[in-house]
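Please keep the sequence and the model in view while reading.

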Amino acid sequence: MTNMAAVAKLAGVSRYTVSKVLNGMHVAEKTRRKVMEACEKLHYSRNLYATNLVRNESFTMGMVISQNFDSFFGEIIGAAEKEAHVNGYQLICQCSYGNAEEEAKIIRNFESLRICGIIAAPVVRNCRLEQWTSLEERVPVVNFDCYLNKDSNYVINDNQLSAALVTEHLLSTGRTPAYLGSVHPDTNLAIKNRKKGYVDTIKKHHLKPSLIPTSNSAQTADNQEFGYENLVAYLKESDVPEALFCATDRIAMGAIYALQERGLVVGKDVLVAGHDNLHFSGFMNPTLTTVAQPKQEMGTECVKSLLSLIRLKESKTERIQKVLKPELIVRQSTMFKSI
């Protein structure tokens with residue numbers, strides 16, 4: 001079996017030099033290149049987990065996401081991986097699929113691997129707040145997308161501003177929008193702030209908020225079926241809204257299908273906007289007005305924040321709470337143009 005001694009022999013350096021290279025310590029570039037070439041020829045890679053156990057120090061970060069079916073998390077993961085690698089760290093990402101028990105299992109596995117910290121989009125349905133409170137006493141944790149505890153460390157989008165931007169845009173067309181919210185309860189502070197942004201903006205204009213019920217779907221995620229089923233049920237009992245703000249782009253996609261089934265022209269008869277600026281939103285018919293969360297920046301800042309917490313791990317009072325600015329993107333679904 002290939003080991004560090006074999007790599008050292010092939011590269012013509014000491015075992016200590018190989019160790020320095022693999023641990024990211026400074027050596028001459030020529031030496032580093034020889035060691036890496038030897039590793040490649042011998043198909044040698046360091047056992048990071050064993051190294052973590054022996055040194056009681058880790059260069060591995062854990063990341064927990066709550067879903068993996070759209071590009072939102074993918075872009076954040078990609079940016080986080082790049083930032084971790086630049087700083088000499090590895091990133092392991094696992095998905096809880098919105099299941100609190102699976103999330104707890106992932107966290108236990110991460111801790112057994114002696115990871116240096118965790119970046120997490122926590123489960124909000126049947127959430128285990130005490131789990132996270134306890135974890136944050138043992139391991140540096142940075143939340144993104146949403147957070148459960150106001151005292152947690154987080155890097156999030158300004159969701160209240162996002163909703164205000166969309167609502168103001170729809171009001172500027174002379175129409176009063178209804179709001180189709182999320183499957184998630186108010187324990188999801190990101191969704192809670194989106195709803196608050198809509199309600200506060202409507203009230204600021206001395207209008208009455210119109211909240212479409214979200215109990216007419218068996219879906220457990222903010223997807224197309226959730227948007228479609230809830231809007232179909234609403235339209236059976238209520239008038240078609242002049243405009244519609246949906247909590248996510250996927251919800252908006254389902255809502256648009258429900259409206260088009262009734263022969264309505266979206267962007268003309270009814271204006272529709274979403275949230276997140278997922279990849280498909282610019283390729284729908286009509287293209288979807290939405291709010292872009294700064295996903296690349298979010299991934300990068302999560303890693304930078306975690307590194308700061310690792311360096312300050314003796315300080316239990318240190319908190320990192322970053323709120324990033326969204327961008328409104330206006331497209332055909334609120335500004336109809338014939339093609």
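## Overall fold

In the protein, 70% of the contacts with a separation of 6 or more are between residues 24 or more positions apart. The model under discussion is a predicted one. The protein contains 12 helices and 12 strands. Its C-alpha atoms fill a box of roughly 80 × 45 × 30 Å, taken along the principal axes. Of the 339 residues in the protein, 51% are buried.

A104 has its place in helix α6, which covers residues 100-112. Is A104 buried or exposed? A104 counts as buried because its relative accessible area is 3%, which is under the 20% limit. When neighbours within four places in sequence are left aside, A104 is in contact with R128 and Q131. A104 and K322 are 218 residues apart along the chain, and their C-alpha atoms are separated by 25 Å.

D145 lies in the loop between β4 (141-144) and β5 (154-157). Although D145 is buried, it has no salt bridge. The nearest side chain of opposite charge is that of R194, 4.9 Å away. Apart from its neighbours within four places in sequence, D145 is in contact with F72, F73, A121, V155, I156, N159, A190 and M298.

## The second largest pocket

A probe the size of a water molecule, rolled over the atoms, shows where empty space is left. The second largest pocket has a volume of about 550 Å³. Its lining consists of 30 residues, and those nearest its centre are S66, Q67, F73, H184 and D222.

Which helices each supply at least two residues of the lining of this pocket? They are α5 (71-86), α9 (189-204) and α11 (249-261). The largest share, three residues, comes from α9.

## Backbone features in loops

The peptide bond from N285 to P286 is cis, with omega near 0°. P286 is placed in the loop between β9 (271-273) and β10 (290-292). D276 also lies in the loop between β9 and β10. The phi angle of D276 is near 120°, a positive value in a residue other than glycine. D276 is classed as buried because its relative accessible area is 9%.

H43 is found in the loop between α3 (29-42) and α4 (48-55). Its phi angle is near 55°, again a positive value in a residue other than glycine. Is H43 buried or exposed? With a relative accessibility of 73%, H43 counts as exposed, because the limit for that class is over 50%.

## Salt bridges

How many salt bridges does a search of the whole structure find? The search finds nine, and three of these pairs are described here.

K105 forms a salt bridge with E102, and the closest N and O atoms are 3.7 Å apart. Both residues of this pair lie in helix α6, three residues apart, which is about one turn of the helix. K105 is partly exposed, at 40% relative accessibility. E102 is also partly exposed, with a relative accessible area of 28%. In another pair, D151 forms a salt bridge with K150, and the closest N and O atoms are 3.7 Å apart. D151 is partly exposed, having a relative accessible area of 41%, whereas K150 is exposed at 63%.

E301 forms a salt bridge with K322, with the closest N and O atoms 2.6 Å apart. This pair links distant parts of the chain: E301 is in helix α12 (residues 295-311) and K322 is in strand β11 (residues 321-324), 21 residues apart. E301 is buried, because its relative accessible area is 15%. K322 is partly exposed, with a relative accessible area of 27%.

Definitions and conventions:
Residues are numbered from 1 along each chain as its sequence is written. Side-chain values use heavy atoms; hydrogens and water are left out. Helices (H or I, at least four residues) and strands (E, at least two) are DSSP runs, numbered from the N terminus. Buried means under 20% relative accessible area, exposed over 50%, partly exposed in between (1.4 Å probe, protein chains only). Contact means heavy atoms within 4.5 Å. Lys and Arg count as positive and Asp and Glu as negative; His and the chain ends are not counted. A salt bridge is a side-chain nitrogen of Lys or Arg within 4 Å of a carboxyl oxygen of Asp or Glu. On a 1 Å grid over the protein atoms alone, a cavity is a set of points where a 1.4 Å probe fits but cannot get out, and a pocket is an open set with protein on both sides within 12 Å along at least five of seven lines; lining residues have an atom within 4 Å of a point. Grid points are joined across faces, edges and corners, and a volume is the space filled by probe spheres set on the points.
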